[in-house]
Amino acid sequence: MNRWRKSVGEIQARRRQVIECERGQAALCKVTACYKQLASFLGSSSDCSRLREELEETRTMAYTISKGVQKRLTTLLTEGELGQEEREEVERVWVLFISGLEMFQQDLRKAAALQDLFPLTQRRDRRALLNTGCAGGGSGVAARAASVQTPWIRVEEEPGPDLRTHALQLDGMAQEMLQKVNVPFWSVEATQEAWPEDTEIEPEDDDGEEEEEAAAVAAMGDALEVEVVSPEQDRGRGCCRNKRCRLGWVLCLLN
């Protein structure tokens, strides 16, 4: 009985860890998306010191979440006794996590370059900002990032590195995971449908299409219709005086 209870407890604990990884990856996607949106304000007329603070807070939160996801994924794939279905789930999260780190690293480097171009260390630095006409800032975006919750963020919160060090550490984090866990990207099968938000477009009625095509051809024929007149009749009035000679009007305008 004790052995049975122990095995059930181990299964439940392992399943809890898998769910934590999935929730952590979903939270990381939301936070990094908010960071990307905040970084788009850099260098514009909406740029300010408050925006820079919100960027730092969002980046620190992404750092904390990514460290937690990395540790749990590595532990599950190297030490955990996972079943076939559970292992497939964790490997999918692993692939999504590595891909998300690469995109987040690009955003960090772009933010660092823009902050170098627009330092905002003095009042006169605001003259160099681009007047994009944007009103307000990214406070709403930062609030969405701050509202994201993960199971471990309160217990494992730690100060993050500076912007450039963070971008460099992402390379080391990805390389470390690739060395410890051998999961080829091509071997992981997606379970979600591509573009699930798209709705199917109902096919149009064939008879309606044929009628529209016939009307278009008739209109084109009317536009190109030219009345044939004899040289004696045309000598006295000119091409532009012929009411039905639309093609002649175009040629006269071009000349």
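When residues up to four places away in sequence are not counted, Thr32 touches Ala62 and Phe104.

The chain as a whole contains eight helices and zero strands, so that, read from the N terminus on, its elements follow the order α-α-α-α-α-α-α-α. Of the 255 residues in the chain, 32% are buried. Among the contacts in the chain with a separation of 6 or more, 80% are accounted for by residues 24 or more positions apart. The confidence of the prediction has to be kept in view when these values are read: the mean pLDDT of the chain is 76, and 64% of the residues reach 70 or more. Over residues 198-206 the pLDDT is below 50, and this stretch has one contact in the model beyond near neighbours in sequence. Residues 223-229 also have a pLDDT below 50, but for this stretch the model shows 11 contacts beyond near neighbours in sequence.

Which residues have the most contacts inside the largest nonpolar core? This core has 44 residues, and those with the most contacts inside it are Leu73, Trp94 and Phe97. At least two residues of the core are supplied by each of α1 (2-39), α2 (49-78), α3 (84-117), α4 (139-146) and α5 (163-180), and α3 gives the most, with 11 residues. In soluble globular proteins, nonpolar side chains tend to be buried together.

The side chain of Arg59 makes a polar contact, at 2.6 Å, with the side chain of Glu56. Apart from neighbours within four places in sequence, Arg59 is in contact with Tyr35, Phe104, Leu108, Pro161, Asp162, Leu163 and His166. Tyr63 likewise lies in helix α2, and because its relative accessibility is 7%, this residue too counts as buried. Between Tyr63 and Pro159 there is a separation of 96 residues in sequence, whereas the distance in space is 8.8 Å, C-alpha to C-alpha.

Helix α5 has 18 residues and reaches 26 Å from its first C-alpha to its last, which is close to the 26 Å expected at 1.5 Å a residue. The buried residues of α5 are Leu163, His166, Ala167, Leu170, Met173, Ala174 and Met177. Why do the buried residues of α5 line one face of the helix? Seen down the axis of α5, they fall within an arc of 110 degrees, and they therefore line one face. An α-helix has 3.6 residues a turn, so residues three or four places apart point the same way. The face of α5 turned away from this buried side carries the exposed residues Leu168 and Gln179. At the start of α5, a side-chain oxygen of Asp162 reaches to within 3.3 Å of the backbone nitrogen of Arg164.

In helix α4, the buried residues are Val141, Ala142 and Ala145. These cover an arc of only 100 degrees around the axis, which puts them on the same side of α4. The loop between α3 and α4 contains Leu120, a residue other than glycine whose phi is positive, with a value near 60 degrees. Most residues other than glycine have a negative phi.

Key: Residues are numbered from 1 along each chain as its sequence is written. Side-chain values use heavy atoms; hydrogens and water are left out. A nonpolar core is a set of buried Ala, Val, Leu, Ile, Met, Phe, Trp, Tyr and Cys residues joined through side-chain atoms within 4.5 Å. Buried means under 20% relative accessible area, exposed over 50%, partly exposed in between (1.4 Å probe, protein chains only). Helices (H or I, at least four residues) and strands (E, at least two) are DSSP runs, numbered from the N terminus. pLDDT is the predictor's confidence in each residue, from 0 to 100. Contact means heavy atoms within 4.5 Å. The expected span of a helix is 1.5 Å times one less than its number of residues. The arc is that of the directions from the helix axis to the C-beta atoms. A polar contact is a pair of N or O atoms within 3.5 Å; within protein, one must be able to donate a hydrogen and the other to accept it, and residues adjacent in sequence count only if both atoms are side-chain atoms.
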